[in-house]
Every structure is written in C-alpha cells, then in structure tokens.
Number of protein chains: 2
Amino acid sequence: MTTLSTVPEPASRSPKGEQTRQAIVAAALDLFRERGYDRTTMRGVAEAAGVSLGNAYYYFSSKEHLVQAFYDRVQEEHRAAAEDVLARETTFAGRLQGLLDAWVRIAQPYHEFAGKFFKNAAEPTSPLSPFSEDSRPARDASTALFREVLDGSDLKLAPALRAEMPELLWLMHMGVVLFWVYDGSPDQRRTRALVAQAVPLVDKLARMTRLPLVRGVVDDVVGLVRAVRP
Amino acid sequence: MTTLSTVPEPASRSPKGEQTRQAIVAAALDLFRERGYDRTTMRGVAEAAGVSLGNAYYYFSSKEHLVQAFYDRVQEEHRAAAEDVLARETTFAGRLQGLLDAWVRIAQPYHEFAGKFFKNAAEPTSPLSPFSEDSRPARDASTALFREVLDGSDLKLAPALRAEMPELLWLMHMGVVLFWVYDGSPDQRRTRALVAQAVPLVDKLARMTRLPLVRGVVDDVVGLVRAVRP
DNA sequence: GTCTATAGTGGGATAGAC
DNA sequence: GTCTATCCCACTATAGAC
C-alpha cells in the first residue's frame with residue numbers, strides 16, 4: 001500500500017489540533033487492527049480517542065479518509081526500511097528482494113483489514129487509486145526507490161529496457177501488493193514465497209536481456225509498454 | 001467480468017419464487033443501468049420489483065449478490081462468441097486474440113457501469129471476487145475456455161508448462177480485465193492495443209519455451225506458479 | 001480554530017410473525 | 001415466501017461553549 005499513499009501532510013497545523021488528530025489516528029489504527037475495518041465504527045474511534053463523534057468528522061471527513069493515515073504510516077516505515085536495505089545490499093537481486101520483503105513485513109499486521117478497504121484504492125476514479133493523478137507524487141516517489149535499486153546495483157540491462165525498468169519494477173511491486181491482498185495463507189506465506197521465487201527469476205531474465213536471442217523480445221516488451229501507456 | 005460470474009442457477013425452484021426472483025433481477029439491472037451501483041438502493045430495487053425489502057433479501061442475501069445477475073449476462077454472451085471464434089481460428093495466436101477481443105467488445109457497453117462497482121468485486125472477501133469460492137465454477141469454466149484455445153491450436157509447449165498454461169492464460173485475461181477497468185481512453189482503445197500487442201508477444205514467448213536456453217526459465221516459472229498456488 | 005452535544009437521515013441488513 | 005418492524009451505523013446538521 002506504500003505507493004497508494006497520498007503525499008505527506010502539510011507542515012502547518014496547530015499543536016492542539018495535531019494532537020487530537022494523532023489521537024484519532026492512533027485509536028483508528030488500533031481498532032482496525034483489533035476488529036477489522038467493517039466492525040470498527042466511527043463512534044468507536046471517537047470514543048477510544050476521547051473525542052466526540054462530530055470532532056472525529058471534523059478531522060476526517062469520512063471513514064475512508066482514515067485509511068489515508070494508514071497508507072502514510074506504512075509508506076513512512078517502508079521508506080525508512082528501504083534506506084537500510086539500499087545502504088546494505090549491492091546486488092540487484094538483493095536490493096529488490098530487500099525492498100519487497102520489507103514491505104511485506106511492514107504491512108503484515110494490517111493484512112486482515114487491509115483487504116476490507118482495498119476496494120477504496122481499487123475504484124478507478126478514486127484519488128486513492130495507485131494510478132490516479134492524486135497518487136502521482138507517491139507513485140513517483142516509489143518508482144524513484146526502484147530506480148535506486150537499479151542505480152546502486154551491478155545489473156547491466158539492454159539500454160532500451162533500462163529507461164522503462166523502474167516503472168516495470170513498480171508495476172511488479174503493485175502485483176505483489178495485489179497478490180498480498182488476496183493472500184489468505186498464514187503470515188502471508190504465499191506472498192513471501194512469491195517474492196522469494198520471483199526476484200531471482202526477474203534477476204535472471206534481466207541478465208538475459210542482453211543476449212542476442214532475447215533482444216527481439218525485449219524490444220517487443222518495450223514497444224508494448226510504450227504503446228499502452230496513457 | 002465474464003469470469004467473475006457464478007455458474008448457472010440450479011434447476012429446481014418453485015415457479016412462484018422464480019417469478020419473484022426474476023422480477024427483482026430485472027428491477028435491479030434497470031436501476032443499476034440508470035443510476036449506477038452505489039446510488040441504487042435495496043429499497044429502490046424492492047419497490048421497483050413490487051416486493052418488500054425483506055423479501056428481496058430472502059432471494060439475494062446482499063446487494064452484491066444482485067451483481068451476479070449482470071455477470072451471468074456478460075458471461076453468456078462471451079461463451080457464445082467464444083464458440084464462433086474457436087470454430088473459426090486454428091492458430092494459437094488467432095484463438096487467443098479472438099477470445100480476448102470478443103470479451104472487450106462484449107463488455108464495452110458496460111464499461112462505465114463496471115468501473116462503478118468494480119471496487120466491490122475487488123474486495124478479497126467479496127463473493128464477487130474472481131478468486132472467491134463463489135466464483136470457482138465461473139473461474140473453472142473460463143479456464144476451460146482457455147484450455148480449448150490450446151487444445152485446438154498448433155502450439156507446441158514445453159510439457160511442464162502445458163499443464164499450467166490454461167490457468168496462466170486465465171490470469172492473463174484477468175490482467176486484461178484489470179487494465180480495461182482502469183482504461184479511460186475512448187472505446188477502451190488502449191485495452192485493444194494491449195491485446196493486439198500482447199498476444200503476438202505471448203505467442204512468441206510460448207514458442208520459445210522449447211529452446212534449450214529458455215528451458216531453465218520455464219522451469220523456474222512453473223516452479224513459481226506451483227509454489228505460490230493455494 | 002477546536003470541540004461538544006444532540007438530533008436527525010438514509011440505507012444495508014435481520015427477526016420474527018404470518 | 002412474504003411481510004412489517006426494527007437495528008445498526010455511516011454520515012449530516014446545527015447550535016453553541018471555549
């Protein structure tokens with residue numbers, strides 16, 4: 001969900017209001033984790049935060065807007081984790097796997113209820129959609145992370161592919177997120193297996209792109225991506 | 001959305017009940033088309049059908065279950081179109097492209113409407129999800145269609161891949177549906193471009209799977225699919 | 001600008017009588 | 001199988017305290 005997040009909140013807010021806002025967010029996240037999204041009521045959130053229902057709505061104009069807070073938290077944690085990974089790992093596979101693993105680990109506590117409000121992000125016209133204009137900053141930030149995965153690594157790619165690769169890796173991340181949302185296995189074991197097996201495969205495929213036999217396919221893929229982009 | 005549908009209803013139902021059921025479905029489809037999914041209420045459906053709210057719930061245990069009626073309509077049209085295509089085309093690429101093109105063409109009139117309730121189907125716990133247990137019969141039926149694409153074609157595949165291929169093609173179909181839902185271009189032009197370019201690429205890749213150099217990758221892909229399946 | 005209290009409305013879903 | 005009555009809760013509205 002990292003990349004579904006909106007951009008960081010503006011800086012200027014009164015300390016008092018900020019405190020109340022944080023209390024509401026904290027209460028909401030606790031309740032979401034405890035009872036899931038649907039069975040968490042705005043009344044419950046307000047009560048747990050020690051504010052009135054009206055006040056909760058003063059800060060978050062709908063229950064869905066509280067979801068933004070969740071996005072922001074996961075994104076922040078992922079960004080921090082990514083810094084460690086990228087400072088540590090030098091191989092392409094290591095960096096990619098590190099990033100994706102970190103995301104799965106960070107998002108895990110929220111898995112159960114994440115599915116419940118996933119639909120907010122899935123609605124094509126929603127600003128929470130990963131492909132929306134509103135999400136562009138977050139999407140660009142996430143894509144930049146994957147560009148770093150490439151820049152700091154040992155990977156050599158066919159040049160035509162190199163330019164498209166960060167976006168393709170971001171798409172892969174979206175695929176993992178999608179899989180994760182639907183993954184009902186304990187501790188999202190299947191998603192972890194997916195990442196563990198897909199990363200070496202992608203690594204292998206990427207390294208093959210400079211073979212003569214594969215060049216034609218690479219050109220096709222790049223052509224497809226470019227033809228299909230809005 | 002074809003493949004999100006449930007299987008045809010069981011045969012045995014009282015004529016009385018069946019009539020009521022049909023009235024509710026007809027009213028629901030009218031209202032969905034007129035005002036969209038969200039702004040159609042169960043009260044409105046019940047009233048338009050001339051039954052009580054409670055009675056509507058007797059037949060459809062949730063609003064989402066009413067959407068199945070829409071799925072069934074599209075699915076029926078696609079199945080019929082598929083028969084023509086599969087009787088006519090003999091190449092793998094021709095059969096695959098025919099099936100996907102037919103789906104895009106059939107679904108086109110519903111594009112706007114589909115976007116509105118797509119989020120409901122995207123929810124993992126929803127019975128409308130293509131991966132739900134409720135959708136299994138429809139999913140199996142759709143997969144069988146893609147198995148036919150292979151069976152009647154000239155394509156030779158690496159044996160290990162052959163067994164997994166129908167399901168992979170179904171996944172590809174889901175990818176096209178996903179892309180289609182988000183496609184805001186006029187007449188879903190981008191989706192058509194996607195299909196037109198992806199099919200030859202898939203065809204080329206499939207034919208490469210028997211090359212020695214590619215065998216390792218094929219095994220990896222098959223291993224990945226098997227490790228990751230529920 | 002922040003917050004409370006209270007009184008609504010609308011609509012999804014259910015219980016239980018008939 | 002059908003209804004009526006009811007619950008629950010997201011969400012709105014508003015009047016006013018600090």
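Asp154(A) counts as partly exposed because its relative accessibility is 39%, where partly exposed denotes the range between buried (under 20% relative accessible area) and exposed (over 50%), computed with a 1.4 Å probe on protein chains only. This is a predicted model, in which local features need pLDDT of at least 70 and side-chain atom pairs count only at pLDDT 80 or more, whereas totals for chains, interfaces and linings use all residues. Residues are numbered from 1 along each chain as its sequence is written, chains are lettered from A and ligands numbered from 1 in the order in which they are written, and side-chain values use heavy atoms, with hydrogens and water left out.

Asp154(A) has a salt-bridge partner in Arg207(A), with the closest N and O atoms 3.6 Å apart; a salt bridge here is a side-chain nitrogen of Lys or Arg within 4 Å of a carboxyl oxygen of Asp or Glu. The pair links distant parts of the chain, 53 residues apart, since Arg207(A) belongs to helix α9 (residues 189-208) of chain A and Asp154(A) to the loop between α7 (136-151) and α8 (159-182) of chain A. Helices are DSSP runs (H or I, at least four residues), as strands are (E, at least two), and both are numbered from the N terminus. Arg207(A), with a relative accessible area of 37%, is partly exposed.

A second salt bridge in chain A joins Arg226(A) to Glu164(A), and here the closest N and O atoms are 2.7 Å apart. This pair, too, links distant parts of the chain, with Arg226(A) in helix α10 (residues 212-228) of chain A and Glu164(A) in helix α8 of chain A, 62 residues apart. Arg226(A) is partly exposed at a relative accessible area of 47%, whereas Glu164(A) is buried, with a value of 6%. Both residues belong to a network of salt bridges that also includes Glu167(A) and Arg229(A). Over all chains, a search of the whole structure finds 25 salt bridges. One of a local kind is in chain B, where the side chains of Arg79(B) and Glu83(B) meet at 2.5 Å, N to O; being 4 residues apart in helix α4 of chain B, these two are separated by about one helical turn.

Between the chains, the contact (heavy atoms within 4.5 Å) takes 37 residues from chain B and 35 residues from chain A. The area buried between them is about 3000 Å², of which carbon and sulfur atoms give 70%; buried area is the accessible area (1.4 Å probe) that two parts lose on being put together, summed over both. Lys119(B), Tyr182(B) and Val228(B) supply 19% of the area that chain B buries against chain A, more than any other three residues. The rule finds 2 salt bridges across this interface, and Asp220(B) forms a salt bridge with Lys204(A) at 2.7 Å between the closest N and O atoms.

A pair of aromatic rings is described by the distance of the centres and the angle of the planes. Rings of Phe, Tyr and Trp (its six-membered ring) pair if their centres lie within 6.5 Å, and planes under 30 degrees apart count as stacked, over 60 as edge-to-face and the rest as tilted. The structure holds 12 aromatic pairs over all chains. The rings of Phe70(B) and Tyr110(B) are edge-to-face, because their centres are 4.8 Å apart and their planes stand at 70°. With Phe70(B) in helix α4 (residues 63-88) of chain B and Tyr110(B) in the loop between α5 (92-107) and α6 (111-122) of chain B, the pair ties together parts that are 40 residues apart in sequence. Both Phe70(B) and Tyr110(B) are buried. Phe131(B) and Trp170(B) form an edge-to-face pair as well, at 5.7 Å centre to centre and 90° between the planes. Phe131(B) is partly exposed at 41% relative accessibility, whereas Trp170(B) is buried at 3%. Ring pairs also link Phe131(A), Trp170(A), Phe118(B) and Tyr182(B) into a cluster.
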